Amino acid sequence: MINIRNLNVHLGEFRLRDISLSIDPGDFFVLMGPTGAGKTVLLEAVAGLVPVLGGNIFIGGRDVTRMPPEERGIGIMYQDYALFPHLTIVRNIKYGLRYHRLEKETAQKRFGRLVDDLGIGHLLKRYPETLSGGELQRVALARALMVEPGIILLDEPLSALDQNFREEIRLLLKKINRSSRITFFMVTHDFSEALTLATKAAIMCEGTIAQTGSIRDLFSKPASTFVASFVGMKNVFSAQFNGNRACVDSLTIEVPQPHHHPTGYIAVRPEDIVISLQPFESSIRNAFSGVICGMIDQGFLYEVHIRVRAVVFKSLVTKGAAIDLALDIGAVVHISFKASAVHVF
Amino acid sequence: MGRKGSFFWVSFSCGIMVLTFILLPLVEMLTAPSGAMLRETLQDRNVIRSIWLSIYTAASAAGISFLVGTPLAYLLARTRFRGKHLIESVIDLPIVIPHPVVGIAILGVAGKNHWLGQYLHEFGIRIMGSTTGIITVLTFVGMPFYINALKAGFEAISPRLENVSRSLGASMWSTFVRVTFPLAWRSVLVGLIMCCARAISEFGAVVVVAYHPMIAPVLIYERYEGYGLQYSQPVAVWLVLVCLSLFLALRLLALPQNKAS
């Protein structure tokens, strides 16, 4: 559906370099990356809102690189909803109708369906400034869907909502993506959001694509230290490999399969590292003993830092478990993780 | 609330001083002429004609600024390019140039010694001593105020609204008419008021380019020179009253209300 080839964009301080991406029809594609990576610029380049320096963008096989935004058939939804403040909700939703040849009856039917589906019937005569975040989001969605675009671009649609609304809109987006043939292209800096919504994803870093693929692959098989730490693999170490063993500093760690390079990285998710007071007796596990050198409060969880010789491992422990095990800074504990939990790259 | 300190009282007395400084001469002038004199002045056709000319030429200057200044203000608000600051400084130039110099500068290009002046002459357009000349001068001095006010107004409108409009199929023209302009109209009005106010008060530049036909400030000056303070005051009062009521009306329109438009 969307094919981006060697795209280069210079916009103020932002530089997109050699971006290539391919998104299939009906995909829910999520573009992730830290703030300032250039995600929104890429989104706006696809919509035709920023000038392209080099490369091409194809939509449905058509080269749209030089096409004005109004001819691309791409809806866009911003984090701040961008509803027209001087128009009522009805007029906001119907704004795009006059540019699409549509029979009055079809339009009215579609309008009715959208208003019902999104539950915004009671808002129609009001102005945007009197609506809550969740309501604004629904109206913005209705306005974009009203002209049936082939693609909807979403710029951090959930980040301005509070937790309850976020869950609701997330489900709604997923439902719309499944029931329509519209391709979704969403930008976010929140990895957990991507996990629940995306079929495919890409991670951006400083104006380039760091990795792209299925969301599962990104989650479990990061190809670089940047992606690994972005997807929450907090234990990333450079290592020397020798068969099924990796040497990290003076520690020897079992890995699932031999690496094709003598040097590289290993990564372990913090939730895969188990803390116990007694040594864990099992042959398949990597087990070490160490000293707790830090505990970071994360609400329901503690991120516990354990120093094993010169290497610091990070593990996640529920608060209840931390009290049961009497975990505290300076305590001596045992940590263990399966060889299969170690990702090698 | 606690006791107010010396800082407050110094600020307070400075404020009183400034207000007195502005209001005292104005109130004195407005109250000096008797009712009979004001009535008599109103029957003077020269006075009526000059006040009308003042309003008419200032409004024309605002109209011209609206037509050519609006797109420029939009461009300056939305784009970034090298030399933008230079262009902005050029637009501000009429604000800082001494008024008679403006008149002299305009006469320089409108005279018969200049190709532009010759060109205009061929088409029968006269700048020197004509209404056209007055409007030219007033546009020159008033335009920067319009452009600056509107530029700030455009900058306050999120470009995302325009982006969304275009993604829904609207062209840039259509987007401007349906989204940008309706959201900026208050700034447009404020800009027009500023431009008009500046234009109506212009004296130095106009007097160089066109002593006749006589705009109100020139008439007031002439009466003052010829007959003294007493004869110029009633005309001044009428000019101020007419301007104030016009601006007040526009200002009320521009005030934020419950969802006008």
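How many salt bridges are there between chain B and chain A? In this predicted model, in which local features need pLDDT of at least 70, side-chain atom pairs count only at pLDDT 80 or more, and totals for chains, interfaces and linings use all residues, the count is three, a salt bridge being a side-chain nitrogen of Lys or Arg within 4 Å of a carboxyl oxygen of Asp or Glu. The side of chain B that touches chain A draws two or more residues from each of α8 (159-167) and α9 (172-200) of chain B, helices being DSSP runs of H or I with at least four residues and strands runs of E with at least two, numbered from the N terminus. Residues are numbered from 1 along each chain as its sequence is written, chains are lettered from A in the order in which they are written, and side-chain values use heavy atoms, with hydrogens and water left out.

Across this interface, 21 residues of chain B are in contact (heavy atoms within 4.5 Å) with 29 residues of chain A. The buried area, that is, the accessible area (1.4 Å probe) that two parts lose on being put together, summed over both, is about 2,300 Å², and carbon and sulfur atoms give 58% of it.

B:Arg166 pairs with A:Glu70 in a salt bridge whose closest N and O atoms are 2.6 Å apart. Because B:Arg166 belongs to helix α8 of chain B and A:Glu70 to the loop between β5 (62-63) and β6 (74-77) of chain A, the pair joins two chains. Both residues, B:Arg166 and A:Glu70, are buried, where buried means under 20% relative accessible area, exposed over 50%, and partly exposed in between (1.4 Å probe, protein chains only).

B:Arg160 forms a salt bridge with A:Asp155 (3.7 Å, N to O); since B:Arg160 lies in helix α8 of chain B and A:Asp155 in strand β7 (residues 151-155) of chain A, this pair also joins two chains. B:Arg160 is partly exposed, at 23% relative accessible area, whereas A:Asp155, at 1%, counts as buried.

Over all chains, a search of the whole structure finds 14 salt bridges. Among them, A:Lys319 and A:Asp297 approach to 2.8 Å between their closest N and O atoms.
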